Amino acid sequence: MRPTMTTLLLALLLCLPAPAAAALRVVTTTEGLAALAREVGGDRVTVTSLSRGVQDPHFVDANPVLAVKLRNADLLIDVGLELEVGWLPPLVNQSRNAAIRPGGPRRLTAASAVQVLDAPAEAVDRSAGDLHPGGNPHFLADPRRGAEVARAIAARLAELDPPGAAGYLARAGAFTARLDAALVRWKATLAPLAGRKIFVHHRTLTYFLDWTGLLSAGEMEPRPGTPAPASHLADLVALARKEGIKGCVVENYYDSKGDELVARLAGGTLVRIPGDVGGDPAAVTYEAWLDLLVQRIAAAVK
Amino acid sequence: MIPAFLASLLAATLLAPTPAPGDPPAGAAPWARLLAIPDISAVGSFAAVHDSYDVAGQSPREGTQGPEGKPTFLFRELELGLRGVIDPYLRADLFIAFSPEGASVEEAYLSTLALPGGLALKAGLFYAPFGRLNLLHPHTWEFGDAPLARGRLLAAETLGGPGLDLLWLTPLPWFSELQLAVQSTDPHDGGEGRLTGSAKLQQYIELAEPLTLGVGLSAARRGEGTGAFRDLANLDLFLRFRPVDGRAALTLQGELYARRFRGRPPASIGPEALFQGDGRDGTGGYAQLTWRQNTWLGYGVRYDRAPSAGDAAPGTEQRWSAVGNWYPSEFSRLALQVAHDRRPGGADGWEAILHLEFVMGAHGAHPF
């Protein structure tokens, strides 16, 4: 039977996105932000992350397929501080969704909710590496800042969906209370280790160190975004031997050859951690991700 | 000379109260006021080239080339880019190129920010929505030069000019965008601009999470005088495999070009024949496979074919190229490219290009 024009049109309509449901469509740039949005939004939101937890959020492809996910977003939550500068701006332009542009009513930049660390106090240039001139964007490794972002998400969802406002605020309150309880547990684990030093690959753990009391002895990258020459690795090995540094911590999306070498030559332990929620099969929620970070890093520096 | 608005913003920033030592910056750096300035970038490219044959006579083309048998250093281009939002309705993108031939405006266009129905309108000077490479600036290419077919069948540099471009992001569940443009395109022989209409349908489909397929279909018609036209068609394919847990990516990309003249004798093509062969109907294209190994290294091979030009015998010219790219950082690149060129009748030649490129200023988007 030859298809008629009507059947062709029906087939095309079936391909079109379903009519808008009652839930708000929230799109986030990272899985960590998606996890917070799910905690706060509950059943009233559908949440999609543009990147995966196993992915380096600095280097997501500006794949136009992602612009389609942004086209009908009711809220876009990004990290900010130029973490997504290499891929998010063209996608927002391609999406034709003017409300999610920077400063738009349906755009929430999570960095605006937290106190930022590592912000240069004076003018910098790229001889210092691929810096984030507005400050370090990896603040979700701090549960205190995670709670602040969750509250900001709840406030924005409440603005966009007033009938659900009470629910969002209540869920945010319950979630941050759970985080507070977990924080007590995590601090109990880490308190005996305060002052111990670790090596990190990139400055992704600045905020983690800030709340745990652990210290950074240096980074595998001599400057952000640059590879480590052999001399730099040799310096780290010498430092590790001198100061008894045991842990080399690296996110599982980085090439860890240099980290492995330093850990082996220094007699330390290489610790691979998920860079974000979803970066490990066990890191299914924000709390589970932080649990993993605490357990693995604590085990390495004991 | 610093424009007045830049000067006032800089002054306002420098005169802003400095946070007391020990006060952690809250929310953003004091330089945040500078964010109101357009994104400014400069892209410079230089090359050293060695050709074993007379490229200008036997395989004339735009871009990197030197005299036969004599290694040559070349300043290729400095591209100055200014990008920013104008007002609640418009953004502007300006690209000015400085090259040994002088300064020229590559693109300068306004785009709407908030049209309904998935629509956007572009007005100004821009590259025609035709094919894939025609829309990309050279510093985003994996290779240091353009495929032969683009120059021989389309335009010596790019098909572009002042005009209007309507873009429609369709409501289909994959990326599907239709562009319709009307422009006055400049022929590369310096002649008068001719009205050109072009259309492009670009689709991107995620076949699996690490695998994206892009298919573009383009057509253009350019007026060539009373009752005469140049018809152009293009098919571009793009397939990228990139596992999400790393920087490695394998990309297969290719374009087919076809050109047909209607109502114009080939003899009237004039100086364009220098680049565009015999000025008759023709087809050509290229296929390339690139492998981005990691953050620092990438490799590629390309095969391209196009109608011969210049002093070469009539027929098809073929070319194989291989490139190795080293990225010391995200803002610089050193590429070594070697190409073998085979012209009709069995004549051939080699070319080696060492290509240096840098990006200064605003962080651009990662090319896709």
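Mentor: We'll take a sheet, a few helices, one arginine and some hairpins in turn. Keep in mind that this is a predicted model.

Trainee: Fine. In what order do the four strands of the open sheet in chain A run?
Mentor: The order is β6-β5-β7-β8 in chain A. The pairing is parallel.

Trainee: Which ones are the edge strands?
Mentor: β6 (215-219) and β8 (269-273) of chain A. Each pairs on one side only.

Trainee: And by how much are neighbouring strands turned against each other?
Mentor: By 30° on average, direction ignored.

Trainee: What packs on the sheet?
Mentor: Helix α8 of chain A, residues 230-243. It touches β5 and β6 of chain A. The direction of α8 makes about 155° with that of β6(A).

Trainee: Back to the strands. How many bridges link β5 and β7 of chain A?
Mentor: Three, in the parallel sense. β5 covers residues 197-200 and β7 covers 247-251. One pair to look up: A:Val200 has A:Val249 as its bridge partner in β7(A).

Trainee: Switching to helices. Which residues of α4 in chain A are buried?
Mentor: A:Leu88, A:Leu91, A:Val92, A:Gln94 and A:Ser95, in a helix that spans 88-95.

Trainee: Why are they on the same side of α4(A)?
Mentor: Because they cover an arc of only 165° around the axis. In general, an α-helix has 3.6 residues a turn, so residues three or four places apart point the same way.

Trainee: What covers them?
Mentor: The cover includes α3 (64-71) and β3 (75-78) of chain A. Also, look just after α4(A): A:Arg96 takes a positive phi of about 65° there.

Trainee: How do α2 and α6 of chain A cross?
Mentor: At roughly 120°, with the axes coming within 7 Å. α2 is residues 31-41 and α6 is 165-190. The two helices are therefore oblique to each other.

Trainee: Which residues make the contact?
Mentor: From α2(A), A:Glu39, A:Val40 and A:Gly41. From α6(A), A:Tyr168, A:Arg171, A:Ala172 and A:Phe175. They divide into four nonpolar, one polar and two charged.

Trainee: Over to chain B. Where is B:Arg242 found?
Mentor: In the loop between β10 (229-241) and β11 (249-262) of chain B.

Trainee: What does B:Arg242 touch?
Mentor: A:Asp61, B:Pro210 and B:Ala249, not counting residues up to four places away in sequence.

Trainee: Last topic. Which side chains of β15 in chain B are buried?
Mentor: B:Arg333, B:Ala335, B:Gln337, B:Ala339 and B:Asp341, which point to one face. Side chains alternate along the strand, residues 332-342.

Trainee: What does β15(B) pair with?
Mentor: With β14 (residues 316-329), running antiparallel over 10 bridges. There B:Val323 stands opposite B:Gln337. β15(B) also pairs with β16 (residues 348-361), antiparallel over 11 bridges. In β16(B), B:Leu356 is the bridge partner of B:Leu334.

Trainee: How many residues are in the hairpins?
Mentor: Two join β14(B) to β15(B). Five lie between β15(B) and β16(B), and in that hairpin B:Gly345 takes a positive phi near 90°.

Notes
Residues are numbered from 1 along each chain as its sequence is written. Chains are lettered from A and ligands numbered from 1 in the order in which they are written. This is a predicted model: local features need pLDDT of at least 70, side-chain atom pairs count only at pLDDT 80 or more; totals for chains, interfaces and linings use all residues. Two strands pair if DSSP finds at least two bridges between them. Axes are lines fitted to C-alpha atoms, for helices over the stretch in contact, and angles run from 0 to 180 degrees between N-to-C directions. Two residues are in contact if their C-beta atoms, placed from the backbone, lie within 7 Å. A residue is buried if 20 or more other C-beta atoms lie within 10 Å of its own, exposed if 12 or fewer, and partly exposed in between; C-beta atoms are placed from the backbone. The arc is that of the directions from the helix axis to the C-beta atoms. Angles under 35 degrees count as roughly parallel, over 145 as roughly antiparallel, 65 to 115 as roughly perpendicular and the rest as oblique. Ala, Val, Leu, Ile, Met, Phe, Trp, Tyr, Cys and Pro count as nonpolar, Asp, Glu, Lys and Arg as charged, and the others, Gly among them, as polar.
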